Amino acid sequence: MDNENVTEIFMQHGVTLKKASASHMSALSTVGVLAFCKYQNSDLHFFEWKQTDMCEILDTESQDSGWSLVDTIESTSSSPIPGISGSAQKSSESNDATAAGQTEGCPTSKNAKPSVMVLFRDLLGIEYSKNELRFFNPDYSVHSAYLFAHGSPYSFVDFLERRRFIRKNSRRKHYYYCQEVAETDDKLQRSFSELNIEDIRNRPRANPYFDFVSKLASVHHQILPLGRAAPEERRSPQEELGRDVVVKQPTSNGIDKMKKEEVRPVVSKLAPRPPVHRGQPLTAKQWADLKAQDGSITDPDLLKEIIFRGGISDDIRAELWKYLLGLDVWEHTTVQRDERRASKTQEYFQMKLQWLTITPIQEHNFTGYRERKCQIEKDVKRTDRTYEFFAGDDNPNLAKLQDILMTYVMFNFDLGYVQGMSDLLAPILSLVQNEAESFWCFVGFMAKVFNNFDIDQKGMKQQLEHLRTLLAFVNEKLYNYLMENQSENMYFCFRWLLVWFKREFSNIDIMHLWEILWTGLPCPNFHLFICVAILDQEMDVFINQEFTFTEILKHVNELSGNLNLLAILEQAESIYLQVKRSLETSKEPHVELRKMIGEEISPGQQQQQSGSDEDDDSYAAIVSEKSTEDQEAMQRKVDEACDLSLSYAFF
């Protein structure tokens, strides 16, 4: 580096500046070197990007691998640290400049090459993609972005993670929090000159998966929100109730006034959340061992337990789905199974023939059929088109998708077709592929979520009420915040419930999640615990950024593709066990919660619940007390949430 008081730590060549502040626009599309460095005689680290002329210090190996470890540059120079006056003391002015994306220590010579520098402590986090690396300011804006011409930025990120400068976000796949660590805190932070470079190069890389699982086992419910580093350990919602909180109080002139109120500690009504570990997928050998000689399944309950714990291996998934969705029957022999499939196939094509033979005149006079056909054609054209199975024009699989949905209209004309059904069918068809068998698997899935598509939305409203009740019991802090912001109706979870998280996860993840939910374990409403687990993880984002209903809805939609399924499943099961154990020791009836987890309600509990109906504050009771205008306004809000949630503009 140009500054003699700088210790080189790590650098990568062939890096193009893609985005920075206006003062660096002239350097865009210019190849250079990105380095992670440390000021001597201080604990300050920084990133610096410079143009190509720095590549001359890279060795032959770095040219091949795309990265290089550089030995310490010893110097006795007393030149000042850029942005620091005279020493390594913190300067508020330099901090402000760095956070704003300005350059400290930029060359002043007319022939000097452009550079971009930022103190490590002034960054919130970093994120990498296939060949791009982005630095984020504390306000979540992008400080700068870089394109890597030689390989992936993973080597750069991996070095920082092994040295414990950054910590992986458990829910955003390639996002890392920046955390400056003092050299005395860890042996890995020794002076670089004392380390053996060859040992570092040959050191096996950390396994992020096992590291994540081991941490999650002990702090499974202390997952940080997306894009925010926590200065202290995350407390449980119950512990948070004993802390000072800041409440916004609107004044008469409309200006929010911050008022600090002390909340008295309360005795937690909840049992602690136990650690949970996921299992391995059901294998072909296990599947064969559970079959009798005649092909019947000897122990379907054990099979479901294995599937709930770890899902199903890819090579047998299509076969197992036919059982989980009711096309095949567990007790049937191989002969009976084949006979049933043949009969169901014939029945499918009979129904398909019914709508194929409708004449144009019949269709013209059949408004309900015509409208449903039109909606199916629109939705099929935009369902999962990014996946290879449905990609491209004139794809025959799109025709199969449309034919199955049209046949379902004939199978259940009272329900017909509602937007969102194509989302449920697409993964089934892509896996099973056989048209008739995919149809009957879809029929089995629809039997589980039939109430989601009620015309009056009664089923969805009931689930939202159950979710509201569950969240209020599990996370009172978040629930109170939603109450204060008129968001306790939970409408922002509409899409999650309607299509069972289909748009929140990748195709392979949604297959894994669905087969787990189809087991019905550990309770029929486990999908509600999935919702609570996600909301629990996002609580700090909602509260710290003071999100209103619209902002919460937007943020929830933008979580699509950024959720860690393993973490969510473990946290959801942990919450379930917490609720179950809490109800076992509770003296209150909690009838709705007990029903949610599948408990049988005794007459005494039912009578005790009836005696407390005078104080009922459930969603249904609140709605019944509202005026007609208020109820219409709430219905408009439901419709708005539905439209925004299902809008393809988000994807």
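Student: What should I know about the model before I start?
Tutor: It's predicted, so local features need pLDDT of at least 70 and side-chain atom pairs count only at pLDDT 80 or more, while totals for chains, interfaces and linings use all residues. Residues are numbered from 1 along each chain as its sequence is written, and side-chain values use heavy atoms, with hydrogens and water left out.

Student: How many salt bridges are there by the rule used here?
Tutor: The rule asks for a side-chain nitrogen of Lys or Arg within 4 Å of a carboxyl oxygen of Asp or Glu. By that rule the count is 24. Some join up: Arg278, Glu305, Arg309 and Glu573 are linked in a network of salt bridges.

Student: Which helix holds both arginine 317 and aspartate 314?
Tutor: Helices here are DSSP runs of H or I with at least four residues, numbered from the N terminus. Both residues lie in helix H9 (residues 314-324), 3 residues apart, about one turn of the helix.

Student: Is arginine 317 buried or exposed?
Tutor: Buried means under 20% relative accessible area, exposed over 50%, and partly exposed in between (1.4 Å probe, protein chains only). Arginine 317 has 4% relative accessibility, so it counts as buried. Aspartate 314, at 57%, is exposed.

Student: Where do glutamate 437 and lysine 322 sit in the chain?
Tutor: Their side chains meet in a salt bridge (2.8 Å, N to O). This pair links distant parts of the chain: glutamate 437 is in helix H15 (residues 435-449) and lysine 322 in helix H9, 115 residues apart. Glutamate 437 is buried at 13%, and lysine 322 is buried at 11%.

Student: What separates lysine 554 and glutamate 558?
Tutor: About one helical turn, because they are 4 residues apart in helix H21 (residues 549-558). Lysine 554 is partly exposed at 45%, as is glutamate 558 at 41%.

Student: Which residues does asparagine 397 contact, leaving aside neighbours within four places in sequence?
Tutor: Contact means heavy atoms within 4.5 Å. On that basis, asparagine 397 touches Phe389, Phe390 and Leu429. A polar atom of the asparagine 397 side chain lies 2.8 Å from the backbone oxygen of phenylalanine 389. Asparagine 397 belongs to helix H13 (residues 396-411) and, at 15% relative accessibility, counts as buried.

Conventions. Helices (H or I, at least four residues) and strands (E, at least two) are DSSP runs, numbered from the N terminus. A polar contact is a pair of N or O atoms within 3.5 Å; within protein, one must be able to donate a hydrogen and the other to accept it, and residues adjacent in sequence count only if both atoms are side-chain atoms.
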